[in-house]
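Here is a short tour for anyone meeting this structure for the first time. Have a look at the chain, then read on.

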Amino acid sequence: MKAVKIRIDDLKNKAVHLSDEESLEGYPTLLELQDAGESLFLAPLRIDLTIAREYDHIRVNGRVETGIALSCARCLAEFRINIDSPFTIFYMRATGLADDEDVELAEEDLITATYEGDEIDFTSEIAEQIILAIPLKPLCREDCQGLCPACGAELNVAECACGRNDVNFKFSPLKNLKING
């Protein structure tokens with residue numbers, strides 16, 4: 001495992017370019033996703049960063065790429081996607097704001113991070129970019145028909161023969177309701 005860090009003193013008057021391939025070992029949040037079975041990382045993280053000092057902040061233009069396997073939310077089939085996530089983050093030196101102090105965020109604050117000391121570690125922001133690129137409801141294909149709710153047959157492969165009616169199962173408890181009137 002190599003750390004994706006830069007010393008602030010290395011950013012004098014020119015941009016610094018970092019490019020590397022890393023395993024998941026240095027990214028505990030990504031390892032947790034994999035251990036929970038939510039995704040399986042099939043390739044190392046390919047990281048490409050350009051870091052430059054600008055006025056009172058440090059600008060990082062980056063891209064992170066990897067391949068992952070996911071389970072379809074409708075049919076449960078495993079499928080693979082490639083993640084290619086470009087990003088820009090502005091790093092500002094941490095100020096003395098209290099952690100519990102309410103602060104209104106502007107739009108540019110959503111792509112701003114803080115640092116302390118004489119170096120910046122990009123590990124958490126890189127992991128965050130990967131997590132943001134993973135679909136909330138992964139689908140093997142846009143028109144996936146999923147599983148039959150009655151017999152469990154995969155409807156992408158063939159129609160099931162279970163004789164199910166196209167009943168909305170949200171209302172199935174009401175099917176035996178009798179109203180005397």
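Is Tyr55 buried or exposed? Tyr55 is exposed, because its relative accessible area is 82%; exposed means over 50% relative accessible area, buried under 20% and partly exposed in between, with a 1.4 Å probe and protein chains only. You'll find Tyr55 in the loop between β4 (45-54) and β5 (57-71). Its phi is near 50 degrees, a positive value in a residue other than glycine.

Leu76 also sits in a loop, this one between β5 and β6 (78-93). Phi of Leu76 is near 70 degrees, again positive in a residue that isn't glycine. With 58% relative accessibility, Leu76 counts as exposed.

## Where the picture comes from

This is a predicted model, in which local features need pLDDT of at least 70 and side-chain atom pairs count only at pLDDT 80 or more, while totals for chains, interfaces and linings use all residues. Residues are numbered from 1 along each chain as its sequence is written, and side-chain values use heavy atoms, with hydrogens and water left out.

## The chain as a whole

The protein chain has two helices and eight strands; helices (H or I, at least four residues) and strands (E, at least two) are DSSP runs, numbered from the N terminus. Follow the sequence and the pattern reads β-β-α-β-β-β-β-β-β-α.

Of the 181 residues in the chain, 31% are buried. The accessible surface is about 12,400 Å², and 49% of that belongs to carbon and sulfur atoms; these areas come from the Shrake-Rupley method with a 1.4 Å probe, and for residues only the protein chains shown count as cover. Among contacts (heavy atoms within 4.5 Å) with a separation of 6 or more, 57% are between residues 24 or more positions apart.

## Two helices side by side

Helix α1 (residues 28-35) and α2 pack at an angle of about 35 degrees, and their axes are 8 Å apart. Axes here are lines fitted to C-alpha atoms, for helices over the stretch in contact, and angles run from 0 to 180 degrees between N-to-C directions. Where they meet, Thr29, Leu30 and Leu33 come from α1, and Ala127, Ile130 and Ile131 from α2. By class, that contact has five nonpolar, one polar and no charged residues. Ala, Val, Leu, Ile, Met, Phe, Trp, Tyr, Cys and Pro count as nonpolar, Asp, Glu, Lys and Arg as charged, and the others, Gly among them, as polar.

What does Gln129 touch, leaving out residues up to four places away in sequence? The list is Val64, Ser85, Pro86, Phe87 and Ile89. Gln129 is buried, since its relative accessible area is 11%.

Pro138 is in the segment after α2. Its relative accessible area is 13%, so Pro138 is buried. Not counting residues up to four places away in sequence, Pro138 touches Leu70, Ser71, Cys72, Ala73 and Phe79. Pro138 and Ile81 are 57 residues apart along the chain, yet their C-alpha atoms are separated by 9.7 Å.
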